[in-house]
Amino acid sequence: MENLSISLVALALCLSGPVLALASLPPVNHGLVLVVSPPWTEREAQILAAGGRGIGPRIAAMGTLAQADAPDFGPRLRAVGPFLVLDGRALAALCGVTG
């Protein structure tokens with residue numbers, strides 16, 4: 001049991017660095033963005049209220065791609081709840097989408 005506890009603590013420490021690095025990024029203000037928020041929130045309504053529009057996927061558990069139309073979209077969106085507002089073009093590049 002002690003080995004399991006040590007393993008879980010080590011795993012948590014290894015995963016906390018990347019999570020903290022992502023959480024400390026400034027929110028993206030324009031273009032294609034990835035909105036990451038808890039699954040129980042009204043993500044689409046939050047995106048619309050901040051001056052953007054959701055473009056998909058609509059039924060993802062924690063993330064939605066959105067087009068940021070307002071100049072201060074990122075800070076406005078972060079103020080109403082999502083964990084992260086990341087550059088969607090970087091995500092698309094990781095998935096092999098170009099252009």
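How many bridges join E1 to E3, and how do the two strands run? Six bridges join them, and E1 and E3 run antiparallel. The legends below describe a predicted model, in which local features need pLDDT of at least 70 and side-chain atom pairs count only at pLDDT 80 or more, while totals for chains, interfaces and linings use all residues. Residues are numbered from 1 along each chain as its sequence is written, and side-chain values use heavy atoms, with hydrogens and water left out.

**View 1. Overview of the protein.** The protein has four helices and four strands. Helices (H or I, at least four residues) and strands (E, at least two) are DSSP runs, numbered from the N terminus. From that terminus on, the order of elements is α-β-α-β-β-α-β-α. Of the 99 residues, 28% are buried; buried means under 20% relative accessible area, exposed over 50%, and partly exposed in between (1.4 Å probe, protein chains only). The accessible surface comes to about 6,400 Å², and 70% of this surface belongs to carbon and sulfur atoms. Accessible areas come from the Shrake-Rupley method with a 1.4 Å probe; for residues, only the protein chains shown count as cover.

**View 2. The open sheet.** Four strands form the sheet in the order E2-E3-E1-E4, with antiparallel pairing. E2 and strand E4 (84-87) are the edge strands, each pairing on one side only. Neighbouring strands are turned by 40 degrees against each other on average, direction ignored. Axes are lines fitted to C-alpha atoms, for helices over the stretch in contact, and angles run from 0 to 180 degrees between N-to-C directions. Two strands pair if DSSP finds at least two bridges between them. Between E2 and E3, which run antiparallel, there are four bridges. Gly 54 has Ala 66 in E3 as its bridge partner, and Arg 53 stands opposite Gln 67 in E3. Leu 34 stands opposite Leu 65, also in E3.

**View 3. The largest nonpolar core.** This core has 10 residues, among them Val 33, Val 35, Ile 47, Phe 73, Leu 77 and Val 85. Strand E1 (31-36), E3 and H3 each give two or more residues to the core. A nonpolar core is a set of buried Ala, Val, Leu, Ile, Met, Phe, Trp, Tyr and Cys residues joined through side-chain atoms within 4.5 Å.

View 4. Gln 46 sits in helix H2 (residues 43-49) and is buried, with a relative accessible area of 13%. Leaving aside neighbours within four places in sequence, Gln 46 is in contact (heavy atoms within 4.5 Å) with Ser 37, Thr 41, Leu 77, Val 80, Gly 81 and Pro 82.

**View 5. Two salt bridges.** The model has two salt bridges, each a side-chain nitrogen of Lys or Arg within 4 Å of a carboxyl oxygen of Asp or Glu. One joins Asp 69 to Arg 53, with the closest N and O atoms 3.2 Å apart. Asp 69 lies in the loop between strand E3 (63-68) and helix H3 (73-79) and Arg 53 in strand E2 (residues 52-56), so this pair ties together parts that are 16 residues apart in sequence. Both residues are partly exposed: Asp 69 at 47% relative accessibility and Arg 53 at 43%. In the other salt bridge, Asp 72 and Arg 76 have their closest N and O atoms 3.4 Å apart. Asp 72 is partly exposed at 35% relative accessible area, and Arg 76 is partly exposed at 36%.
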